[in-house]
Amino acid sequence: MSADISRRRFVGTAGALVVAFASAGDVSYWRVMAATDVGGAPRRAAASRPGDPSAPAGEPPLDALDSWLAIGADGGVTLYSGKVELGTGVQTALAQIVAEELDFPVASITVVQGTTGRTPNQGSTTGSKTVQTAGPAVRRAAATARQILVALAATRLGAPVERLEVRHGVVAIADGGEASVSFGALFAGHRFDRAVDPHAPLKRPAEYTVVGQPSPRLDLPDKIFGTHLYVHNVRIPGMLHGRVVRPPAPGATLQSVDETSVQNLPGAVRVVRRGDFLGVVAEREEQAIDAARALRAVWGSGTLGSEAGDAAYEALYDRMRADTAPPESLANVGDVAAALRGAAVQHTAEYRTPYQSHGSIGPSCAVADVRSDGVTVWSGTQGAYALRDAIADLLGVPAAVVSVIWTEASGCYGHNGADDAAADAAVLSQAIGRPVRVQWSRQEELGWDPKGPAMLMQVRAGLDGRGDIVAWDYMVTTPTHASRPGGKASNLLAGQLMGRGLVLGTVGGDRNAPHSYAVPNNRVAVRWTHESVLRPSAMRGLGAPANVFAIESFMDELAARARTDPVQFRLRHLRDPRAAAVLERAADLARWDRRPSPAPRRRGSATAALTGRGIAFLQYENAFAYVATVATVEVDPESGAIRVRRMAVAHDCGLVVNPDGLRNQIEGATIQSISRTLEERVTWGPSGVTSVDWSSYPILTFPAVPDAIDIALLDRRDAPAWGAGEPAACPVAAAIANAVFDATGARLRELPFTPTRVKQAMAAAPVSSVSEGPGRP
Amino acid sequence: MRDPIVLTVNGTRHETAAAPETPLLYVLRNELQLNGPKFGCGLGQCGACTVHLGTEAVRSCTLPVSAVKDRPVRTVEGLGTADSPHPLQRAFLEEQAGQCGYCLSGMVMTAAALLAATPDPTEEQIRTALAGNLCRCGSHLRILRAVRRAAPPRRNGHKERRP
Ligand code: FES
Ligand code: FES
């Protein structure tokens with residue numbers, strides 16, 4: 001054990017991280033290891049090799065094998081992953097990939113994640129890209145390590161490499177009786193000091209025995225026994241509790257603070273003010289909460305305008321429609337205007353989606369310890385290195401003295417408040433010179449997390465006499481879907497309150513705006529609006545769920561105009577066999593009855609529930625996973641309530657690493673998207689966001705969850721593995737809208753599909769569309 | 001100085017210096033370092049903080065510590081451990097029920113109280129019992145399967161008998 005570590009003890013009990021110090025004067029502990037090391041994983045050099053030009057200071061070089069893998073003293077394997085667990089199971093999938101190439105048991109692999117100086121900088125964990133992009137890097141590292149270990153074993157056992165076989169981390173001579181040696185016995189505690197070999201021989205997918213098999217998730221036991229280490233459980237000696245006092249609305253400035261309003265409260269309350277950033281710190285958590293409530297402050301008015309609720313949304317969509325930003329072309333083929341003029345049928349529609357919140361069940365939380373000679377931040381961030389740089393910028397210290405130790409948070413589905421909470425804690429800790437833990441309230445989380453922004457999709461198309469699409473004209477109006485800190489304080493909430501301006505680009509709103517169908521005259525454009533009432537950022541799928549909602553609802557509208565079965569109509573316009581395969585598979589799974597929508601309505605009670613089925617399809621980012629989803633719904637004609645009874649999902653993301661993990665993701669993405677489709681809308685008024693708890697921002701609950709989600713995985717063993725956290729979220733809204741149309745003849749074009757909106761749409765639906773057909777007696 | 005409040009948590013007696021109106025959750029987490037119960041909303045709306053008070057599942061985020069009185073408190077840590085899991089915890093593992101897991105202690109504790117009172121619940125009873133427990137990751141169907149699996153064998157003929 002190195003001298004560095006012998007001075008302190010790491011005690012992991014009941015999911016808590018307690019860092020204890022041998023001497024109070026020890027200030028070097030910002031180099032402490034990630035809490036995941038508590039299990040006895042090996043200590044390793046944190047910094048890059050001196051003079052190595054390939055990695056910035058403090059970042060393990062990407063080409064060095066030791067940056068990725070270590071064999072510990074106990075013979076266990078540690079994987080160092082720049083990508084982090086957000087609840088999606090990626091650490092298990094990555095461990096499976098290592099296990100496969102290394103021939104080592106999955107359950108004996110420890111994954112150290114997202115810690116500056118210790119894990120490679122692989123960028124943020126976003127976009128369903130961990131298995132897709134980090135998987136190959138990890139695979140090459142494991143294959144390189146295996147090559148080295150087998151060569152060492154050959155020397156040790158006195159047998160040529162060709163005669164050796166590896167099983168469960170033990171190298172043996174084939175048919176050689178007892179002669180064998182384990183990786184641990186060969187290499188425990190050693191460094192490889194070698195580069196990752198890009199040409200290390202990889203197993204062929206046909207040989208896989210671990211990848212492609214369901215593997216129990218490494219993190220679930222602790223989560224089920226209540227002992228998992230979440231960032232919410234990190235406790236540091238001397239730590240105090242902080243809370244930020246938020247302005248009533250974005251843009252409101254702090255006029256005055258009456259510190260006497262909290263001076264008699266228990267807990268040695270201290271008030272911290274930095275520009276418009278206002279916070280309190282107290283000894284106990286409940287004292288900090290009380291002090292934040294009691295602190296009297298006078299704020300100016302915010303920037304949310306004078307309208308509220310529906311009126312605020314109408315005004316927003318009006319401004320978006322009238323936006324004069326020049327559209328950016330995403331596709332332009334043929335002569336759309338001429339083709340529309342010559343079309344037998346022209347059809348136009350507009351779709352709208354609202355602001356939505358990540359709604360993490362655990363609010364954002366972080367611990368920061370800012371000392372004169374170093375800063376340590378424990379955070380559930382998606383990007384430890386980017387947060388490190390942003391915190392350094394915010395505090396005015398060099399990035400080299402800042403360490404970010406990723407510690408799992410409550411699931412996030414994109415850019416939630418995790419980074420902001422880290423910044424809050426850092427500002428408070430810097431101000432008072434003690435470690436500070438900040439945990440947001442429910443109201444802060446729903447009020448201030450970066451939101452998936454509202455979007456407006458306008459589309460028109462023309463059909464020829466045979467019912468084929470001859471022209472397609474699509475425009476999406478959207479703000480950016482990315483405002484991550486990206487190394488700058490300006491995109492941290494605390495940074496903005498301290499005078500930095502939020503920097504917004506143009507990212508993600510155009511995701512899946514182009515469709516996958518063969519249309520001879522095709523125009524697709526995005527208009528990047530600056531109309532963003534609330535801070536917009538990445539939420540599961542970015543613009544893709546909204547674009548797919550519009551495209552796939554509109555395809556259904558066209559199919560109805562062409563009096564064609566919706567599956568058949570899509571197949572007729574698809575040229576890609578993998579696309580056709582998921583559509584057909586989903587239809588089979590749902591026992592799809594081939595006929596045009598809406599369903600012929602049978603005679604019966606006017607109050608009986610109406611049932612219908614709808615399908616939607618996408619290829620994620622027009623380049624990756626294919627998904628088709630069928631929704632089966634019941635609509636209560638009296639109340640307008642939609643009950644989703646069953647979902648059927650056919651999913652092709654290439655090679656499947658962990659089939660059960662993938663099913664878990666598909667189920668989760670589907671259920672969360674049903675929630676976003678039926679219930680979720682952020683509302684605001686002049687004095688701030690008004691959907692700030694679970695009654696004003698309801699999400700799907702157990703009684704409303706479907707009876708079942710049927711899933712078909714189209715495993716393509718020889719294809720690359722594509723990400724799977726987001727694609728299945730995208731078709732859900734259109735599948736439900738199309739099913740409601742099938743059931744009722746009413747078309748829903750604005751999320752969420754509340755009972756009121758369903759009733760309105762039903763009242764407006766043309767009578768003919770619900771009363772014809774062979775089903776009528 | 002007021003007298004310290006006395007609690008019995010997972011069979012062990014504790015004194016707390018917390019003010020009487022302090023929600024039980026803060027005492028469990030910050031004083032007793034029992035991290036199973038989670039803060040989710042502090043409003044009684046999400047169930048993440050669920051613990052047992054006697055046989056009843058309660059929301060520790062809104063329950064003043066002084067209201068516990070002499071009723072025994074049990075957290076998920078007191079329900080079962082990796083070495084000696086409660087049948088529900090085993091069922092959650094077998095079903096791989098969970099993603100981020102933040103909601104899970106609350107789910108397990110709510111379901112455990114349900115099964116203790118209603119050993120053979122209908123699907124509707126399970127869903128109703130869990131209606132106040134929110135999960136954002138969408139693990140619901142797996143959680144429902146886990147609760148059904150932990151229910152006694154006459155509904156699940158092939159399952160082993162609960163101890
Ligand atoms: S934290 Fe107690 S119900 Fe949400
Ligand atoms: S598993 Fe993440 S909230 Fe339920």
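The area buried between chain B and chain A is about 4,800 Å², of which carbon and sulfur atoms give 56%; buried area here is the accessible area (1.4 Å probe) that two parts lose on being put together, summed over both. B:Gln99, B:Arg127 and B:Arg136 account for 18% of the area that chain B buries against chain A, more than any other three residues. The model is predicted: local features need pLDDT of at least 70, side-chain atom pairs count only at pLDDT 80 or more, and totals for chains, interfaces and linings use all residues. Side-chain values use heavy atoms, without hydrogens and water, residues are numbered from 1 along each chain as its sequence is written, and chains are lettered from A and ligands numbered from 1 in the order in which they are written.

Contact (heavy atoms within 4.5 Å) links 51 residues of chain B to 66 residues of chain A. Five salt bridges are counted between the two chains, each defined as a side-chain nitrogen of Lys or Arg within 4 Å of a carboxyl oxygen of Asp or Glu. The side chains of B:Arg136 and A:Glu680 form a salt bridge at 2.6 Å, N to O. On the side of chain B that touches chain A, α6(B) gives the most, with six residues; helices are DSSP runs (H or I, at least four residues), numbered from the N terminus. That side of chain B divides into 25 nonpolar, 18 polar and eight charged residues, where Ala, Val, Leu, Ile, Met, Phe, Trp, Tyr, Cys and Pro count as nonpolar, Asp, Glu, Lys and Arg as charged, and the others, Gly among them, as polar.

Within chain A, the assignment gives domain 1 (2-213), domain 2 (232-302 + 360-448) and domain 3 (455-770), with bounds from an automatic or database domain assignment. The C-alpha centres of domain 2 and domain 3 of chain A are 36 Å apart, and about 2,600 Å² is buried between these domains, 64% of it on carbon and sulfur atoms. In domain 2 of chain A, A:Tyr413, A:His415 and A:Leu446 lose the most area to domain 3 of chain A, together 25% of what that side buries. Two salt bridges are counted between domain 2 and domain 3 of chain A. A:Asp393 and A:Arg500 pair through their side chains in a salt bridge of 3.0 Å, N to O.

Technical notes
Helix = DSSP H or I, 4+ residues; strand = E, 2+ residues; numbered from the N terminus.
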